[in-house]
Amino acid sequence: MSTRIAFLKGHGTENDFVIVPDPENAIELSPAAVAALCDRRAGIGGDGLLHVVRSAAHPEAQDMAAEAEWFMDYRNGDGSVAEMCGNGVRVFARYLQHAGLVTEGGLAVATRGGVKRAHLDKEGDVTVGMGRARLPEGDVTVSVGERSWPARNVNMGNPHAVAFVADLAHAGELSAPPPFSPASAYPDGVNVEFVVDRGPRHVGLRVHERGAGETRSSGTGACAVAVAAARRDGADPAATGVPATYVVDVPGGRLVITERPDGEIDMTGPAVIVATGEIDAEWLETAAR
């Protein structure tokens, strides 16, 4: 490992990430190293880390290399591995543009949740094709303190529990994962969204992300919320034959989610690179012990 490692910092609707370019997959990023980098007091700080690797160089992505040159090796802020991160894909695409590796227009990004299609707009937004939602059967309940709500189980390549509430303050501090039942619904944990209505096809949310805590935004969470809202509102595109578009306010900004009759979901929102720098490899090695 060299004595210094390049990094960038970026965010999508204030869901922020440490970005580590590593085309040949030469940098070892243990869970402890990722957690140290994402630490907001002793590290760089971020909700997660985007490890930028050529698909052909990563064993988990080699079978996607013919379709997508770049693999988003995404890690949660606690160092754990995650299947997907919607805001992360937007920031990942913005980094590739920033680095001169892609231009405006479409590109494919390999993720553990499959290959995702992104489009870099001239106006600065990034649209990501998030694939189709799966709606596992079975009743789910989430709780905060003495309150409990029924929740919709939505899988966007990662698991979500979507609860519609009267007031976002009812979600509490969200410093710990909200309890849910039955435990069998989410054996590996879950992202929990608390949602309020703000107008026709317009909702607001707060989210506790598995492995990260409450974050300022969640792209897959916003998609899960739009899907759940469309079913609640009788606007399932597969049934109506008409796309359903929802504006989703997150604490860090606004996302626009469209689900088409074929089930494919598009998410549009901003993505910003805010800083570049270098990590001291000796510090990282010590911090990761």
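This is a stop-by-stop tour of the structure, with a selection for each stop.

**Before you start**

The model is predicted: local features need pLDDT of at least 70, side-chain atom pairs count only at pLDDT 80 or more, and totals for chains, interfaces and linings use all residues. Residues are numbered from 1 along each chain as its sequence is written, and side-chain values use heavy atoms, with hydrogens and water left out.

Helices (H or I, at least four residues) and strands (E, at least two) are DSSP runs, numbered from the N terminus.

**Stop 1: the β1 strand and its partners**

Select residues 4–12, strand β1, together with residues 272–280, strand β18. They pair in the antiparallel sense over eight bridges; two strands pair if DSSP finds at least two bridges between them. Pick I5 and look across: I279 of β18 stands opposite.

Zoom to G10, whose bridge partner in β2 is F17. The hairpin of β1 and β2 has two residues between the strands. Stop at T13 in this hairpin, where phi is positive, near 45°.

**Stop 2: two loop residues with positive phi**

Select N25, in the loop between β2 and α1 (31–38). N25 is not a glycine, yet its phi is positive, about 60°. With 26% relative accessibility, N25 counts as partly exposed. The scale is relative accessible area: buried means under 20%, exposed over 50%, partly exposed in between (1.4 Å probe, protein chains only).

Jump to R201, in the loop between β12 and β13 (202–209). R201 also has a positive phi, near 50°, in a residue other than glycine. Its relative accessibility is 39%, so R201 counts as partly exposed.

**Stop 3: a cis peptide bond**

Select S181 and P182. The peptide bond joining them is cis, with omega about 0°. P182 lies in the loop between β11 (180–181) and β12 (191–199).

**Stop 4: helix α2**

Select residues 86–98, helix α2. How far apart are its end C-alpha atoms? They are 19 Å apart, which agrees with the 18 Å that 13 residues should span at 1.5 Å a residue. The expected span is 1.5 Å times one less than the number of residues.

Colour the helix by accessibility. α2 is mostly covered, with 11 of its 13 residues buried. Among them are V89, V91, F92, Y95 and L96. Then step to G100, which follows α2 and has a positive phi near 75°.

**Stop 5: the cavity**

Select Y74, N76, A82, E83, M84, C85, N158, N191, E209, R210 and T220, which line the largest cavity. On a 1 Å grid over the protein atoms alone, a cavity is a set of points where a 1.4 Å probe fits but cannot get out, and lining residues have an atom within 4 Å of a point. The count comes to one cavity of 30 Å³ or more. The largest has a volume of about 80 Å³, the space filled by probe spheres set on the points, with points joined across faces, edges and corners.

The lining divides into four nonpolar, four polar and three charged residues. Ala, Val, Leu, Ile, Met, Phe, Trp, Tyr, Cys and Pro count as nonpolar, Asp, Glu, Lys and Arg as charged, and the others, Gly among them, as polar.

**Stop 6: two cysteines**

A disulfide is a pair of cysteine sulfur atoms within 2.5 Å, and the whole structure has zero disulfides. C85 is buried at 5% relative accessible area. C223 is buried at 0%.

Methods: 1 Å grid on protein atoms, 1.4 Å probe; cavity = no way out; pocket = protein on both sides within 12 Å on 5 of 7 lines; lining within 4 Å.
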